[in-house]
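Visitor: I would like to learn how to read a protein model. Please show it to me, and let us start with its surface.

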Amino acid sequence: MTWTTRAAPAHRSGLRKVSDRALGEPLMLALIVLAAFVLFVLPLAAVGRLALFATGGGVDAFVTALSSRSVQRALWHSLESAALSAALATLVGGALGLLIGLGDPRGRVALSFAILMLMMIPPHVTAIAWTQMLGPSSVLLQALGAAPPPGTTNPLYSREGVIGLLALQQVPLVYLTLRAALRALPRDLAEAARVNGAAIGRLLWRIILPLMVPALLAGYALAFVSALGNFGVPALLGIPGRYVTLPVLMWQRLASSGPSVLADLAVLATLIGVLAVVAIWAQMRLARGWSVALIGPPQAALRLSLGRARPWVEAALWAALALALIAPLLAMLATAIVPTYGVVLTPQTATWRHFHEVLFVQQVTARAFANSALLSVAAGAGVVLLALAIGAMQRGWTQGAARGVITLAEVAYAVPGLVISVAFIIAFIRPLPLLGVSIYGTHWIILGAYLAAFLALGLKPVGVAYGALDPALQDAARVSGAGFWRRFRRIDVPLIAPAAASGAVLVTLTAWNEVTLSSILWTRGTETLGTVIFNYEDGGYSTLAAAMSVISVVATLALMLVLNRLGRNLPPGIIPWRG
């Protein structure tokens, strides 16, 4: 890439250099620091200030909260459900990672795609689908003649139901973490063991699993933190089953008392945040003790033949994924096309009026679709712009500041979503200084929470792409006289655009069905798809909730297929399910 330059008067050249120094990297850095302050520092500091230093706060507030029986129960339920579901997710996700990452089953990309669907389908939709599949009023089970007797309690309305569905949601996190570690595993260790006669079982137990302990610990910590802050599954299953977790307790208190309980919510949010940070810290300490430095050049991924067991392994994998994905979705579709929940599905009773109702009649659902589309696309675009800018700052004298912003984004991603929501309420419920306008109750506060919570998702693929750029491009452009903004526009943006687009789609997918962040941020007029689905199910309108859920899943699948299409032309590792 070259530029042609023309001679210019010395004073104009000097002005250009001064302008580039003043309005190039310094201006970009100032904008990034301002965004980080608004999105991360100000909200989280507001929570800490209200919990520790406001009237009624401090140590006494934490002692009072922890002495409350409702808080004690909710805290124990949060810790128990997060720990057990993370352990179950680590066991299942680790087994899937080893089978698909090391074995030779056919259709590995399709298998990974199906596993990732478990995470992309929002928790409240997963809970609705499974309850409608297993309950005594299950339309699907009635059609098969296998429904439980009328009046039977849904087995998912229990401690075990909450833990099981939380584990199902977290399996992809462990799977992705282990797959990434397996790609870096040097195959010469395994080949040396095989040459010396080690069977596959001994190879796994003595070499591969010890090297994968840090990845498994990281997967467990991610699953624990994700389950700790999950709202959709504990709300829909735990409330009927009298198994209330801290996020659900916070939602109940805010819904019943409004913003007057912000100090109480700040204390509970701080408790959840501290638990999440401690979990990540403990994982890092344990992983450091188990880590082993691997040296040598990059090698092709290790592959172990499944031999004659391959057809059986493939059949078992697809059967398990069909049970986890297709069966609940079919149950939800069956519920959506009967006149009333509990009616037996027959050709005579089937109707599509609920889809017509949610798409064309109900104003709140039409508004929710519009709001979710607007907010998810805006979040994807905003994350792309911030990720491109932060990536461009990871060079030269601005590198330290950029890494600091990345650290803040990763901390915000680890903090439960409900904590982010509470932080934004506390920080922005009052009018903004100088402007005199409050963003509370508007789309802006939800968008800000989305940007804070999901920026780390967009930074990962952009960081990979920036790391692959040849520094000589920037050096050649600088020698040719190109200023910062021209280099950014002509080099960085075109070359990083594919990775940025994949990050945007990932963020849009996540924000499209999100409910945890918006569950306490929405007001009339700013309802999102996730909150309306949750409110329909919570209010007993199961058929409308099912119809909206089916539409949201179809939209999610379509967006994932678009991302998969983009992934064919992107470097390996950017699209999670494409090794």
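This is a predicted model: local features need pLDDT of at least 70, side-chain atom pairs count only at pLDDT 80 or more; totals for chains, interfaces and linings use all residues.

Visitor: How many helices and strands does the protein have?

Guide: There are 23 helices and zero strands.

Visitor: What percentage of the residues count as buried?

Guide: A residue counts as buried when its relative accessible area is under 20%. Of the 579 residues here, 50% are in that class.

Visitor: Which helix has the lowest confidence, and which the highest?

Guide: Confidence is given by pLDDT, which runs from 0 to 100. The mean is lowest in helix α1 (residues 10–23), at 50, and highest in helix α4 (residues 69–102), at 92. For the protein, the mean pLDDT is 82, and 87% of the residues reach 70 or more.

Visitor: Let us take a single residue. Where is Glu527?

Guide: Glu527 lies in the loop between α21 (484–512) and α22 (529–538).

Visitor: Why does Glu527 count as buried?

Guide: Glu527 counts as buried because its relative accessibility is 4%, and the cut-off is under 20%.

Visitor: What is Glu527 in contact with, leaving aside its neighbours within four places in sequence?

Guide: Its contacts there are Val364, Arg367, Ala368, Asn371, Trp522 and Val532.

Key:
Residues are numbered from 1 along each chain as its sequence is written. Side-chain values use heavy atoms; hydrogens and water are left out. Helices (H or I, at least four residues) and strands (E, at least two) are DSSP runs, numbered from the N terminus. Buried means under 20% relative accessible area, exposed over 50%, partly exposed in between (1.4 Å probe, protein chains only). pLDDT is the predictor's confidence in each residue, from 0 to 100. Contact means heavy atoms within 4.5 Å.
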